[in-house]
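Please read it with the sequence and the model side by side.

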Amino acid sequence: MAQELYKRAKIMSPTRRILPHILAAALPIGLIVLYYIVRDNRELMDWVNVHITAPYRNGAAAVTAFGPFQFFSLAEILITLLVLWVVFYLLGMIVRLIRGPYRLACLGRRLFVMATVALYLFAAYSWLWGGVYDATSFSSISGLATEGVSVQQLTETTEYFAQQANRLSGEVQRDADGRFNEEPDYYFTLSRGLYVNLEREYPTLRGAAYRPKAMIYSKLMSAIGFTGVYIALTGETNINTDAPGCLVPSTIAHEMAHQRGVAAEEEANFVGIAACITSKITVYEYSGYLAGLMYLSEA
């Protein structure tokens with residue numbers, strides 16, 4: 001009887017039950033609100049990126065590239081655990097709603113916990129990566145013109161990329177049917193030297209090189225249309241190895257551009273292709289010219 005009264009008292013005490021949840025949610029809400037207040041202040045976001053978020057991302061990349069971590073994606077494992085937690089948490093909520101007492105209190109509490117977790121993740125994304133979009137862009141730092149090119153320039157560049165892709169096509173490994181057949185571990189390892197030459201031209205791209213991670217869920221990535229993803233929380237470049245093999249090296253270069261602080265997708269495309277074709281690494285040169293040819297042909 002006493003135990004039942006204690007349970008009722010816990011559930012029927014709003015302050016005792018709700019206050020800890022409100023306090024837990026206050027921090028991410030405050031961070032998100034602060035982000036949207038200051039995100040238009042370019043100088044402040046530059047300072048935050050240089051002194052806080054970039055050092056964090058680089059530190060996370062170093063930790064997740066240490067020892068056995070270099071061969072698997074910690075981000076992928078964390079995402080898997082998060083999905084499993086959500087599934088089991090929802091199942092537990094359904095069971096309690098069917099069998100347990102105080103159904104509305106249980107529903108509200110569990111939904112609040114899930115919303116709080118989502119708020120923490122969104123706050124982390126906003127500051128660790130969203131803020132990079134609000135800082136000064138790579139094109140502005142490097143002084144590159146972005147006003148476009150003439151039709152003649154586009155045509156000549158497209159022809160040049162086609163010639164280079166054709167020239168290099170015979171220098172990469174192929175199977176009996178003539179398809180690209182380079183060993184992924186080979187060019188994953190070579191990625192460490194991918195940016196060496198481009199860094200000399202654009203010093204803002206300088207940084208430690210960390211091995212990209214082949215994703216376990218590559219087929220799922222293909223199904224949802226992703227060739228790779230950079231996770232700022234862990235500092236990792238995650239690569240879909242189920243994508244066409246000839247384009248995987250250029251995808252690695254693209255995700256490594258994100259790792260070096262290039263946020264915008266079109267800029268990461270430019271930087272990744274530039275890194276490939278200046279790398280003096282045949283498999284990357286070929287993939288870079290091929291990826292560039294695709295973009296140029298579409299244009």
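1. Phenylalanine 180 and tyrosine 187 are both buried, where buried stands for under 20% relative accessible area, exposed for over 50% and partly exposed for what lies in between, with a 1.4 Å probe and protein chains only. These two residues belong to one aromatic cluster, together with Phe188, Tyr284 and Tyr286.

2. The model is a predicted one, in which local features need pLDDT of at least 70 and side-chain atom pairs count only at pLDDT 80 or more, while totals for chains, interfaces and linings use all residues. Residues are numbered from 1 along each chain as its sequence is written, and side-chain values use heavy atoms, with hydrogens and water left out.

3. How many aromatic pairs does a search of the whole structure find? There are 14 aromatic pairs, a pair being rings of Phe, Tyr or Trp (its six-membered ring) with centres within 6.5 Å, called stacked if the planes are under 30 degrees apart, edge-to-face if over 60 and tilted for the rest. Tyrosine 35 and tyrosine 36 form an edge-to-face pair, because their ring planes stand at 75°, with the centres 5.1 Å apart.

4. Helix 7 (residues 151-169) packs with helix 13 (residues 282-298) at an angle of about 145°, and the axes are 8 Å apart. Helices here are DSSP runs (H or I, at least four residues), numbered from the N terminus, and axes are lines fitted to C-alpha atoms over the stretch in contact, with angles running from 0 to 180 degrees between N-to-C directions. Among the residues that meet are Leu154, Phe161 and Leu168 in helix 7, and Tyr286, Leu290 and Leu296 in helix 13, contact meaning heavy atoms within 4.5 Å.

5. Leucine 119 lies in helix 5 (residues 103-134) and is partly exposed, with 26% relative accessibility. Beyond its neighbours within four places in sequence, leucine 119 is in contact with Ala25, Pro28, Ile29 and Ile32. Between leucine 119 and isoleucine 32 the C-alpha to C-alpha separation is 8.2 Å, although they are 87 residues apart in sequence.

6. Valine 38, in helix 2 (residues 14-38), is buried at 14% relative accessibility. Leaving aside neighbours within four places in sequence, valine 38 is in contact with Leu44, Met45 and Trp127, while its C-alpha atom is separated by 57 Å from that of alanine 176, 138 residues apart along the chain.

7. Two loop residues deserve a look. Lysine 280, in the loop between helix 12 (265-277) and helix 13, is exposed at 68% relative accessibility, and its phi is near 65°, a positive value. Most residues other than glycine have a negative phi. Glutamate 171, in the loop between helix 7 and helix 8 (184-190), is partly exposed at 46%, and its C-alpha lies 8.1 Å from that of valine 283, 112 residues apart in sequence.
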